[in-house]
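Let's take a friendly walk through this model, one feature at a time. Please keep the viewer open as you read.

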Amino acid sequence: MTDDARDYSLVVFGATGFTGQYVAEEVARIADEENITWAIAGRNSEKLNAIIENVGKVTGKSLKNVGIIQADISDPNSLSEMAKKGKIVLNCVGPYRFFGEAVVKACVENATSHIDISGEPQFLERMQLDYNVAAHDKKCYVVGACGFDSIPADMGTVFLEEKLGGQVNSVETYLNIKSNKGARGHFATWQSAIYGFAHANELKPLRKKLFPERLPVLKPALQYRGILHNNPIVKSWCLPFPGSDRSVVMRSQRYFFEKENKRPVQMKAYVQCSSLIAAIAMALSAVLFGLLASFKFGRSLLEKYPQFFSFGVFGHDGPKKEEMDSTSFVLTLVGKGWSEKLTEPMDAHTNQPEKELVVRVSGPEAGYVATPICMVQAALVLLRDTDKLPANGGVFPPGAAFAKTSLIERLIKRGINFQAGVKSSL
């Protein structure tokens with residue numbers, strides 16, 4: 001991957017940002033145990049020093065050996081110098097649509113691996129299209145969506161396939177965010193969603209270039225459950241989940257099909273609501289968001305008044321510690337398939353799926369507690385499990401990169417649980 005002469009094992013870029021500070025805290029917690037060297041990077045050295053001081057207070061760790069690197073998105077030379085100093089850059093600077101590519105480019109050119117926490121399909125897929133060959137040639141790894149978007153869904157699907165055995169036909173996911181004080185998010189996440197929706201039409205032509213051949217038609221086809229449905233397994237009213245999970249999981253499934261001759265799993269993603277009224281309100285607010293995000297003046301309104309249009313969920317200050325402490329997530333994955341695994345991926349079963357398995361991935365607050373845990377453990381797997389990664393580097397979603405590694409075991413140790421229920425017959 002990268003040579004051993006680098007100054008640092010990990011470099012946290014964007015450590016002064018809202019999410020970046022929590023990633024720095026998570027690295028500080030595990031650095032001694034993992035015996036790694038690390039640095040933080042960003043534009044303003046004064047703010048970086050303040051972050052070091054604050055992270056030391058929060059974690060109780062001595063950070064006197066933590067490096068400080070000045071690097072600016074608008075200065076390619078500074079990004080290149082940063083990339084040369086680390087084996088892996090943990091890129092926390094979003095929205096990635098605006099700020100991500102320059103960091104990926106610097107990393108790939110310097111044979112430095114790169115991990116991000118993007119939930120932006122256009123960015124993730126464009127990086128694969130534009131940098132996969134170069135990363136492979138440089139023998140470095142660019143792994144996107146290594147936060148709550150979309151490690152629970154992608155690694156959860158990997159886990160479900162392993163536990164069900166046989167052959168999985170379909171997976172449906174149901175996200176439940178639990179909070180006593182109201183789940184909240186930072187403005188950067190809101191801004192990413194605005195521009196992701198506004199430019200959703202970019203995805204179709206991008207995917208035609210990235211994947212000239214369509215995945216095979218699989219039977220039985222996984223049916224879409226509609227805009228609103230009441231699900232008996234999670235006992236909730238559910239809406240389609242608009243996040244990146246499905247696009248990330250399907251990229252991993254394509255990788256397994258093309259590289260390992262494995263039948264791809266069909267997947268749909270949903271989000272749980274606390275009541276029918278809450279589901280209707282969420283659906284109406286999504287319609288309003290979509291209308292406004294589709295034209296320039298509407299986007300400026302969404303950016304100017306995030307708290308108003310998100311009904312208090314998103315703001316420039318992000319969630320407070322007590323709000324994060326009272327929030328958790330459960331992602332329920334429902335898999336259906338067969339006991340028998342056919343030899344070829346396109347061989348057809350003569351019977352309907354007869355096995356079902358429910359898997360639950362659960363953990364602390366998704367955006368700023370679980371996400372740093374996922375990101376840091378993914379980086380450590382790149383460092384430690386080099387013999388279990390796809391050969392010779394490239395650009396990957398997390399499932400494709402980490403399916404054979406210790407990532408799930410590591411996440412469980414850090415409080416993100418993967419639990420398989422009892423298999424049942426259909």
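## Two helices side by side

Contact here means heavy atoms within 4.5 Å. Helices (H or I, at least four residues) and strands (E, at least two) are DSSP runs, numbered from the N terminus. This is a predicted model, in which local features need pLDDT of at least 70 and side-chain atom pairs count only at pLDDT 80 or more, while totals for chains, interfaces and linings use all residues. Residues are numbered from 1 along each chain as its sequence is written, and side-chain values use heavy atoms, with hydrogens and water left out.

Which residues of α4 meet α5? On the α4 side they are Tyr96, Arg97, Gly100, Glu101, Val104, Lys105, Val108 and Glu109. Their partners in α5 are Gln122, Phe123, Arg126, Met127, Tyr131, Ala134, Ala135 and Lys138. Two packed helices are described by the angle between their axes and the distance between the axes. Axes are lines fitted to C-alpha atoms, for helices over the stretch in contact, and angles run from 0 to 180 degrees between N-to-C directions. Helix α4 (residues 96-109) and helix α5 (residues 121-138) have axes 10 Å apart, at an angle of about 5°. The two helices are therefore roughly parallel to each other (angles under 35 degrees count as roughly parallel, over 145 as roughly antiparallel, 65 to 115 as roughly perpendicular and the rest as oblique).

## Backbone details in the loops

One runs from Gly94 to Pro95, with omega near -5°, and Pro95 lies in the loop between β4 (86-91) and α4. The other joins Asp149 and Ser150, with omega about 0°; Ser150 sits in the loop between β6 (141-143) and α6 (151-164).

That loop between β6 and α6 also holds Ala145, whose phi is near 55°, a positive value in a residue other than glycine. Is Ala145 buried or exposed? Ala145 is buried, with a relative accessible area of 0% (buried means under 20% relative accessible area, exposed over 50%, partly exposed in between, with a 1.4 Å probe and protein chains only). Asn392 has a positive phi too, near 70°. Asn392 is in the loop between α14 (366-384) and β15 (394-396) and is partly exposed at 38% relative accessibility.

## Salt bridges

Side chains of opposite charge can pair when their charged atoms come close. A salt bridge is a side-chain nitrogen of Lys or Arg within 4 Å of a carboxyl oxygen of Asp or Glu, and by this rule the count comes to 20.

Take Arg184 and Glu323 as one of them, with the closest N and O atoms 3.3 Å apart. Arg184 lies in the loop between β7 (167-179) and β8 (185-186) and Glu323 in helix α13 (residues 321-325), so the pair ties together parts that are 139 residues apart in sequence. Both Arg184 and Glu323 are buried.

Another pair, Arg254 and Glu258, has its closest N and O atoms 3.2 Å apart. These two residues lie four residues apart in helix α9 (residues 245-260), about one turn of the helix. Arg254 counts as buried at 9% relative accessibility, whereas Glu258 is partly exposed at 47%. Elsewhere, Glu25, Glu26, Arg29 and Arg414 are linked in a network of salt bridges.
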